Amino acid sequence: MAASTVGPRRRTKRRFIVRYVGFVGLGVMGQPMALNLARAGTPLVVWNRTPGRCEPLSAAGAEVAADPAEVFDRADDIVFLMLADETAIDAVLGRGTADFASRVTGHTVVHMGTTSADYSAGLQDDIRAAGGRYVEAPVSGSRVPAEQGKLVGMLAGDTDALEAVRPLLAPVCQETFGCGAVPGALLMKFSVNLFLITMVTGLTEAFHFADRHGLDQSLLRDVLDAGPMASSVSRVKGAKLVTGDFTVQAAAADVLKNNRLIAEAAREAGLASPLLDICHALYGETVARGHGGEDMVAVVRALEARTEGTAPGDALTHPGEHHG
């Protein structure tokens with residue numbers, strides 16, 4: 001048998017292709033959401049306007065981009081946006097500039113923040129026209145559920161895009177719900193937030209009422225927690241009211257923004273929203289008094305001011321008075 005002329009086999013390194021997901025916006029909600037993705041093994045490339053917010057993501061294995069353009073350059077398809085407002089979204093996307101098409105073409109842009117429904121519908125049209133795909137994915141929940149990966153996601157958009165995005169949200173959301181076409185997800189979130197805002201404002205007013213009648217607020221909390229109206233929200237917010245803890249879970253300024261968006265959607269549809277409207281006024285007064293960076297239970301400051309007859313630009317509110 002002739003000797004083999006084949007030399008020793010060379011070991012070749014296997015090449016692994018990393019498919020990056022982009023994430024832009026690492027604020028109070030965005031940072032824990034992105035961290036849950038990174039800890040679940042999702043290869044992330046992230047960016048935030050304040051660089052220090054990227055450090056925990058870097059420690060968790062995410063790549064940090066120098067600017068939003070690099071996020072889109074490196075992301076293979078999906079880019080999550082958890083940004084404060086419409087102006088921030090437009091700036092990150094380069095909307096209205098020559099950069100817009102180059103960023104969104106071939107990408108699925110997932111809008112997870114809260115904007116007007118009309119803005120979201122228009123953004124979808126522009127992204128589609130530029131060769132991209134668009135998904136609305138607002139979430140219900142505040143900072144603690146975000147940290148725990150227990151947010152509730154609402155999704156709207158084309159079926160194929162939703163099918164690509166939904167599995168990625170598993171480390172972020174305990175459940176997701178399809179809400180049809182854009183802007184169905186945002187309108188669903190508005191419906192949820194209308195209940196949340198009026199509920200927490202009512203809870204805060206109950207504690208203010210008890211306090212001014214000399215009742216033990218801890219006892220009120222215990223009675224509420226034992227009764228049929230108790231919820232995870234009432235338990236958390238009640239505890240904050242008892243202790244005077246206004247550290248942010250959902251900032252009063254953000255609640256005011258959400259309230260405004262919901263009120264505008266109600267006006268556009270010709271809907272009455274009397275409870276929402278009084279909350280709108282109260283959160284406006286809370287922010288005007290310098291409490292916008294505190295938790296939404298800081299609305300008690302507006303209630304206190306009204307009780308004392310010092311609401312900004314108005315006298316003590318009495319039943320039956322009309323306020324425009």
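Trainee: How many bridges join strand β8 to strand β9?
Mentor: Find β8 at residues 151-157 and β9 at residues 173-178; the two run parallel. Strands here are DSSP runs of E with at least two residues, helices are runs of H or I with at least four, and both are numbered from the N terminus. Two strands pair if DSSP finds at least two bridges between them. For β8 and β9, the number of bridges is five.

Trainee: Before we go on, what kind of model is this?
Mentor: Residues are numbered from 1 along each chain as its sequence is written, and side-chain values use heavy atoms, with hydrogens and water left out. Local features need pLDDT of at least 70, side-chain atom pairs count only at pLDDT 80 or more, and totals for chains, interfaces and linings use all residues, since this is a predicted model.

Trainee: Which residue in β9 does Leu151 stand opposite?
Mentor: Stay with the β8 and β9 pair, whose strands run parallel. Opposite Leu151 you will find Cys173.

Trainee: Which hand does the β-α-β unit of β8, helix α8 and β9 have?
Mentor: Follow the chain from β8 through α8, residues 159-165, to β9. With the strands pointing away from the viewer, a path from the first strand over the helix to the second that runs clockwise is called right-handed. The hand of this unit is right-handed.

Trainee: How many disulfides does the structure hold?
Mentor: A disulfide is counted when a pair of cysteine sulfur atoms lies within 2.5 Å. Cys179 is in none, as the nearest cysteine sulfur, that of Cys173, is 12 Å away. The number of disulfides is zero.

Trainee: Is Cys179 buried or exposed?
Mentor: Buried means under 20% relative accessible area, exposed over 50%, and partly exposed in between, using a 1.4 Å probe and protein chains only. The value for Cys179 is 17%, so this residue is buried.

Trainee: And is Leu194 buried, exposed or partly exposed?
Mentor: Look for Leu194 in helix α9. With a relative accessible area of 31%, Leu194 is partly exposed.

Trainee: At roughly what angle do the axes of α9 and α11 cross?
Mentor: Helix α9 covers residues 184-212 and helix α11 residues 232-243, and their axes come within 10 Å. Those axes are lines fitted to C-alpha atoms over the stretch in contact, with angles from 0 to 180 degrees between N-to-C directions. The axes cross at roughly 40°.

Trainee: How far apart in space are Leu194 and Asn258, C-alpha to C-alpha?
Mentor: Along the sequence, 64 residues separate Leu194 and Asn258. In space, their C-alpha distance is 8.7 Å.
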